[in-house]
Amino acid sequence: NIEDLGPSAIPTPLLWMGKSNGDVMIQDEAETTGFTSIITSKVWSAETDNDFYIQRLVFTYQVKASGSYTIQYSKDAQNTWVTHKTVTINAADLGKRLKVTCAKSIKSRQFSWRVVQTVGSVEFIDFKATVELSGYST
């Protein structure tokens with residue numbers, strides 16, 4: 001019988017995560033307090049001596065659980081972060097694909113963004129940025 005060739009119960013897969021120092025973390029299924037997840041973009045730089053303006057960021061995401069996340073930006077190669085917006089996720093949006101727009105004119109020569117969330121409440125699918133080059137600056 002072909003069913004006798006495999007295990008009778010399929011084990012639940014575990015999430016293994018590697019840290020930058022080489023430690024391996026294994027997901028604790030009994031943990032209910034969640035974890036903090038940070039998604040960070042690369043540092044976007046102008047190719048010239050001109051500044052540029054980030055006019056708008058649009059993030060597309062799918063809701064996995066109720067909670068919240070915070071969108072931050074950096075103008076100094078990720079040395080310091082400024083909170084731009086905190087989004088609260090309602091349980092009624094579970095499974096929906098939504099968008100959030102961050103509209104603010106941010107002048108910089110180096111720019112990056114990050115999203116900080118707990119409990120993995122959303123899965124980010126896409127982001128778009130509207131960028132304009134400024135005149136020469138010193």
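Student: Which strand gives the most to the lining of the largest cavity?

Tutor: β5 does, with four residues. This is a predicted model, in which local features need pLDDT of at least 70, side-chain atom pairs count only at pLDDT 80 or more, and totals for chains, interfaces and linings use all residues. Residues are numbered from 1 along each chain as its sequence is written, and side-chain values use heavy atoms, with hydrogens and water left out.

Student: What makes β5 a strand, and which strands each supply at least two residues of that lining?

Tutor: A strand is a DSSP run of E with at least two residues, a helix is a run of H or I with at least four, and both are numbered from the N terminus. β5 covers 50-63, and along with β6 (67-74) and β8 (97-108) it supplies at least two lining residues.

Student: What makes a space a cavity, and how many are counted at 30 Å³ or more?

Tutor: On a 1 Å grid over the protein atoms alone, a cavity is a set of points where a 1.4 Å probe fits but cannot get out. Grid points are joined across faces, edges and corners, and the volume is the space filled by probe spheres set on the points. One cavity of 30 Å³ or more is counted, and the largest cavity holds about 60 Å³. Rolling a probe the size of a water molecule over the atoms shows where empty space is left.

Student: Which residues line the largest cavity?

Tutor: A lining residue has an atom within 4 Å of a point. The lining consists of Ile54, Gln55, Arg56, Leu57, Ile71, Gln72, Tyr73, His84, Cys102, Lys104, Ile106 and Phe111.

Student: How does that lining divide into nonpolar, polar and charged residues?

Tutor: Ala, Val, Leu, Ile, Met, Phe, Trp, Tyr, Cys and Pro count as nonpolar, Asp, Glu, Lys and Arg as charged, and the others, Gly among them, as polar. By that scheme the lining has seven nonpolar, three polar and two charged residues.

Student: Why is isoleucine 54 called buried?

Tutor: Buried means under 20% relative accessible area, exposed over 50%, and partly exposed in between, with a 1.4 Å probe and protein chains only. Isoleucine 54 has a relative accessible area of 5%, so it is buried. This residue is in strand β5.

Student: Which residues does isoleucine 54 contact, leaving aside neighbours within four places in sequence?

Tutor: Contact means heavy atoms within 4.5 Å. With those neighbours left aside, isoleucine 54 contacts Lys104, Ser105, Ile106, Phe111, Thr130 and Val131. Its C-alpha atom is separated by 5.1 Å from that of isoleucine 106, 52 residues apart along the chain.

Student: Why is glutamine 55 called partly exposed?

Tutor: Glutamine 55 has a relative accessible area of 24%, so it falls in the partly exposed class. It is also in strand β5. Not counting residues up to four places away in sequence, glutamine 55 touches Cys102, Ala103, Lys104, Ser105, Thr130 and Glu132. The C-alpha atoms of glutamine 55 and cysteine 102 are separated by 8.4 Å.

Student: Why is threonine 60 called buried?

Tutor: Threonine 60 is at 10% relative accessibility, so it counts as buried. Threonine 60 lies in strand β5. Leaving aside neighbours within four places in sequence, its contacts are Arg97, Leu98, Lys99, Glu123, Phe124, Ile125 and Asp126.

Student: What makes a set of residues a nonpolar core, and which members touch the most others in the largest one?

Tutor: A nonpolar core is a set of buried Ala, Val, Leu, Ile, Met, Phe, Trp, Tyr and Cys residues joined through side-chain atoms within 4.5 Å. The largest has 18 residues, of which Leu57, Phe59, Tyr61, Tyr69, Ile71, Val100 and Phe111 touch the most other members. β5 gives the most to this core, with six residues.

Student: What makes the phi of alanine 77 worth a note?

Tutor: Most residues other than glycine have a negative phi. Alanine 77 has a positive phi near 60°. Glutamine 78 has a positive phi of about 70° although it is not a glycine.

Student: Are alanine 77 and glutamine 78 buried, partly exposed or exposed?

Tutor: Alanine 77 has a relative accessible area of 33%, so it is partly exposed. Glutamine 78, with 30%, is therefore partly exposed.

Technical notes: On a 1 Å grid over the protein atoms alone, a cavity is a set of points where a 1.4 Å probe fits but cannot get out, and a pocket is an open set with protein on both sides within 12 Å along at least five of seven lines; lining residues have an atom within 4 Å of a point.
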